[in-house]
Every structure is written in C-alpha cells, then in structure tokens.
Amino acid sequence: MLKVEGLTRRYGDITVVDGLSFHVDEGEFVALLGPSGCGKSTSLKMIAGLETPDAGRIELEGKDITHLTPGQRKLAMVFQSYALFPHLKVIDNILFGLQARKVAKDEQKRRLDSVVELVGLQDHLQKKPGQLSGGQCQRVALARAVVAEAKLCLMDEPLSNLDAKLRNEMRSEIRSLQQRLGMSVIYVTHDQVEAMSMADRIVLMNGGKIEQIDVPEGLYNKPQTVFTAQFIGSPPMNIMHSTNERLGVRPEHIEIAEQGRPARVVSCDYHGADTVVLADIGEPEGKSEIIKIRYPGHAMFAAQQSISVHWRAEHEHHFPVNQ
Ligand code: ADP
Ligand code: MG
C-alpha cells in the first residue's frame, strides 16, 4: 500500500530523518516508535505532504506521491491536538472534509451513520467541542478520519493528551476500529507499550535512522541492538559488561534462587503485581554492577542482604562491545 524509500530531511546542518525506508501493507497497523526528537513527526509530515523531503521517494499503491500536495494524496490524519473547529458542532466537524469536497448529502449521511455508533458519539452530534471531554474530542477526530475513507490514516501521538485510564481504553478502541474497518494506519508514538500493544509491525527509530523493523514479539525476543533491547520492555533489559561482549538479560528472566551468582540487594521497589529488586552482582570489593530483577509478588529483602541470582542461557542476548 505505502512504500517509503530513503526518506531524508535536513534542517540546516542537521539530518533529522536519515534514509528512512519501510512499507505498510493493506490493512496493516504500523507504529513509528522512538524517543522524543528522533524524527517521527517529521517523517509522518513528509508522508502527509506537509514537509518536503530532501531525498527519497514515497509511493502509494504503486504511484509516486513524493511531490503531490497533501490534498492530492487523500490521506487521513489524526493529531494529538485533535484540530477540531471550536465553533462547529460535532456533526459538522466530522463531515467537514466531505462538505468541503462537496460529497453528495446522502453519501455523507451513509458514512456518518456507519461511524457515529462505532465511536460512541450518537448522543453528542449537536454539541460543540468545548462541551466534550478529551476522549470524546479524540473520538471526533477519529470519526473524521474514518468518514474520509482514506486509503491510509496517519496518526501522530493521538492519545498523549489523555489520562492513563482513558489512554488505555482508546488504545483498544482505535485498534478494534482499525481492524473492523480494515484501515491501514501509521501510528507515531514514543510510548513502547502503546506500540507493542497496538501495532502489527513496529518501525523503531533512533536519531533519525531505523534501528529495527519487526513485529512486537521480534523486537522483544530478538533485539538486534542494545538500543532496541533497552527501549522495549520495562524495566529495560539489563546489559552486563565484560571484555569481549555485552550480555543482555531481561529483569523478568532473572530469578532469585537457592544457587547461582552471588549478589547483594540494593533496594526493592514494590509495584503491586511484582517487585523490582536492584541487586549488585559486582565483586564484593570491586566495581559494582547493578542489575534489575522482576520478582513476582512482594519481595521483602533487606538492603545489603546476600542473595543468589540465576538465569537460563536461552534468555541471554549477546551484543558486540563496540555497538
Ligand atoms: P519526534 O516527533 O520524533 O519527537 P521531530 O520529527 O518532531 O521528532 O523532530 C526531529 C528533530 O528535528 C528534533 O531535533 C527537532 O528539534 C528538529 N526539528 C523539527 N522541526 C524543525 C524545524 N522546523 N526546524 C529545525 N529543526 C526542527
Ligand atoms: Mg513528534
């Protein structure tokens, strides 16, 4: 459906997007994930036609759209800031694009009817955005994208203004809406949990470049770089240093066992379902090496208590020293 090749954008001397290449299949939900400032929004704006690339090519259904205007691309967009018209009623906000394009009235009604129940706005159509909650505003923005029946919907951190509970609800709402309608989506987020729980595939970016493209389980189970290993998963993967490699083990794969490598407890952080135990596996008189262990339930270890830690070889990740 969409193919991006070598997409590049510079601001002055700084290359903020550097040779981005990936594709989106029909009906696929692809997350563009990475830390703040890594070039996600700039990439999305180039796909939308709101920024001009310095190099690279964008193809939609086999057609080169790199130099088309945003209107000619016919993509739908949903942003963090909803971008609703405050003086228009919800119904007119949803239909704004269709009215502007002079789509026939009965066609507008057909599309409106099919979407309002999906997004749960049937009782709010006559209200103004100021009378709605943040979650409802985001639903209006989603409904507007859906009625556009665009080939591809671009979303830039659409949930980051919402509180944690609503964000969770909207995540599954967007995902199920996308699946029911068979929408193709590029979803920008800095939140790895969001990307992991929603996306079919994740394009992980770092410093304007692609770090790894994979399905969520691939990023979690087979990270190709230390960056990926530590960006996905919480707490991040432990990286232990030796002279000839860097050894990664996830906190949930380390057990506190009867036998194993000696360690000393530094502190315990109780989270409810589990406790994150910080332990020092360094030599008692040498340099400390702190690891995090995810311990099920409520761990009650005293600081400085001696423990043994153990992990299975199959849970080890090996990275080169110089990576
Ligand atoms: P993200 O969405 O991943 O947080 P952005 O794509 O917004 O990152 O920005 C990437 C980098 O480009 C940032 O360092 C940002 O400061 C810089 N940047 C974005 N827009 C401009 C601009 N118009 N002029 C100069 N630098 C910019
Ligand atoms: Mg951004």
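Trainee: How many residues of domain 1 are in contact with domain 2?
Mentor: Seven, and they touch seven residues of domain 2. Keep in mind that this is a predicted model.

Trainee: What area is buried between domain 1 and domain 2?
Mentor: About 550 Å². Carbon and sulfur atoms give 61% of that. On the domain 1 side, Tyr220, Pro223 and Val226 lose the most area, together 85% of what that side buries.

Trainee: How many salt bridges and polar contacts are there between the domains?
Mentor: Zero salt bridges. Two residue pairs are in polar contact, both at pLDDT 80 or more.

Trainee: Which helix gives the largest share of the domain 1 side?
Mentor: Helix H8, residues 216–221, with three residues.

Trainee: New topic. What is the strand order in the open sheet of six strands?
Mentor: E6-E7-E8-E3-E9-E10, with mixed pairing. E6 (76–79) and E10 (209–214) are the edge strands, each pairing on one side only. Neighbouring strands are turned by 15° on average, direction ignored.

Trainee: Do E7 and E8 run parallel or antiparallel?
Mentor: Parallel. Five bridges join E7 (152–156) to E8 (184–189). Cys153 has Val185 in E8 as its bridge partner.

Trainee: Which strands do helices H5 and H6 lie across?
Mentor: H5 (134–147) lies across E6 and E7, at about 170° to E6. H6 (164–181) lies across E3 (29–33), E7 and E8, at about 140° to E3.

Terms used
Residues are numbered from 1 along each chain as its sequence is written. Chains are lettered from A and ligands numbered from 1 in the order in which they are written. This is a predicted model: local features need pLDDT of at least 70, side-chain atom pairs count only at pLDDT 80 or more; totals for chains, interfaces and linings use all residues. Side-chain values use heavy atoms; hydrogens and water are left out. Two strands pair if DSSP finds at least two bridges between them. Helices (H or I, at least four residues) and strands (E, at least two) are DSSP runs, numbered from the N terminus. Axes are lines fitted to C-alpha atoms, for helices over the stretch in contact, and angles run from 0 to 180 degrees between N-to-C directions. Contact means heavy atoms within 4.5 Å. Buried area is the accessible area (1.4 Å probe) that two parts lose on being put together, summed over both. A salt bridge is a side-chain nitrogen of Lys or Arg within 4 Å of a carboxyl oxygen of Asp or Glu. A polar contact is a pair of N or O atoms within 3.5 Å; within protein, one must be able to donate a hydrogen and the other to accept it, and residues adjacent in sequence count only if both atoms are side-chain atoms.
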